[in-house]
Amino acid sequence: MGAAASGVPVPAATGSASRPRGTRRVNAKRARTDAATRSRRLPLAALLIAYLTSVTCTAVSAIAIPWLVLSTTGSATRTGLVVFAEMAPYVAMQAAGGPWVERFGPRRASWSANLVAGLVLLLVPTLYVAGQLGYGALVAVVAVVGALRGGADCGSAPLVPGTASLSRTSLERAAGLHSSASQAGHLLGAPLAAVLLSVTPAPLVLLASGGGFVLAALLVRLLVPADVGAATDPAEPYLRRIAAGLSFLARDPVLRALVVMIAATNLLSAGFMNVLLASWVRDSGLPVAAVGTVAAAYGTGSLAGSLLGAWLAPRVDRWLVYAVGFLISGSPLFVSLALSDALLPVVVTAACCGLAGGGINPILGAVQYERIPVDMLPRVLGAVKASAWAGIPLGPVLVGALTDQAGVRPALVAVGVVMFVLTLGPFVIPAFRLMNDGRRSRA
């Protein structure tokens, strides 16, 4: 008391009075920094969640629609036709929709196509409840939805560089997360469809898919800034723009090598998933659930590899990871099936192959985003995807014919050998070693 009255300073009192003001300033600054960080990251997060949602809903529809046709008509032919009616417009839109996406802008194309796809898909449960759902109407609806979904996905990928830049995320990491969203959607869609189909009729399951597309549209519309993926109005006519995208793809040595290799391996992989795996399960006397078990092990490993790759890709040699990852993810799975009748070693091999293959995806995405001019992203990325998927419809036909003629084990060996030769490509073709060039130019 006396010290205070006589004017002697009291350090404790003075310190306790000044510290809260400094602390408040620091806390306020930290809060502003955190808010700015969240604001920067929100567009990329919204894009990833929207893509995850739309892919999951597509995977649910891919099971619910064929099940609906098979359960109501009993015709495998009609079931196959309705699947074709959805996939053919999707792939066609990937190849031909790039100029349309450029004119409308990737952001606008993504959200508007998903929105309309969701509303059109909701016609199925509406017609079902009204007793007016015929086979022709179902085919027409899924064809329109397939085309719209192709346009939406064609608009989604070009938004990755812009949202990654806003959030100060590396291209490798953003590309890996975008790829992981796709893989997670496919992995979640099948069991989700099984659960929904067990408790409600197939047409009503499509309520969830249609609603999911609408939700994905709203996320992009409301949370991705309008200046990301803005529209362009190129002077070239539509067909000339298509030709320019294909020409760019053909001239770039890295993209050309990647597309040829991926198209060839996709053809064999489609034959494996749709024909060889089921044939091996039947030949080995295993239950049909083994098909799903192996596919789930590969899908889970692929998702884990993609997430791991998204984290590590900015710090690794792209060529080395791509070359070794493709080598590991290719032929070993065919060899394991050819040498074993037991499920466990095949499941372990599938998970390891998926892990190695998943780690490639962030590198593939980053290389494409770096080498393709921003104003050409929709048309060139569409050409890349359409070219890479071109052999998928043919793969099951060729591999199925080989299996019928030679038998399951010889077919596995033959396809495994071809896959091994293809995966040696990065070690012998010089163009693959240019994959790090874009990173050096950024540095």
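A nonpolar surface patch of about 900 Å² is formed by Leu320, Val324, Ile328, Val413, Val417, Phe420, Val421, Leu424, Phe427, Val428 and Ile429. Patch residues have over 30% relative accessible area and no salt bridge, with nonpolar side chains (Val, Leu, Ile, Met, Phe, Trp, Tyr) joined within 5 Å; a salt bridge places a side-chain nitrogen of Lys or Arg within 4 Å of a carboxyl oxygen of Asp or Glu. Areas follow the Shrake-Rupley method with a 1.4 Å probe. The model is a predicted one, in which local features need pLDDT of at least 70 and side-chain atom pairs pLDDT 80 or more, while totals for chains, interfaces and linings use all residues. Residues are numbered from 1 along each chain as its sequence is written, and side-chain values use heavy atoms, without hydrogens and water.

At least two patch residues come from each of α14 (318-329), α20 (408-422) and α21 (425-428), helices being DSSP runs (H or I) of at least four residues, numbered from the N terminus. The biggest share, 4 residues, is that of α20. Ile429 sits in the loop between α21 and α22 (437-442) and, at 39% relative accessibility, counts as partly exposed (buried is under 20%, exposed over 50%, partly exposed in between).

Turning to α19, its buried residues are Gly395, Val399, Gly400 and Thr403. Viewed down the helix axis, these fall within an arc of 115°, so they line one face of α19; the arc is taken from the directions from the axis to the C-beta atoms. Val397, Asp404 and Gln405 are exposed on the other side. Just after α19, Gly407 has a positive phi of about 105°.

Note on methods:
Buried means under 20% relative accessible area, exposed over 50%, partly exposed in between (1.4 Å probe, protein chains only). Patches are made of residues with over 30% relative accessible area and no salt bridge: like charges are joined within 9 Å, nonpolar side chains (Val, Leu, Ile, Met, Phe, Trp, Tyr) within 5 Å.
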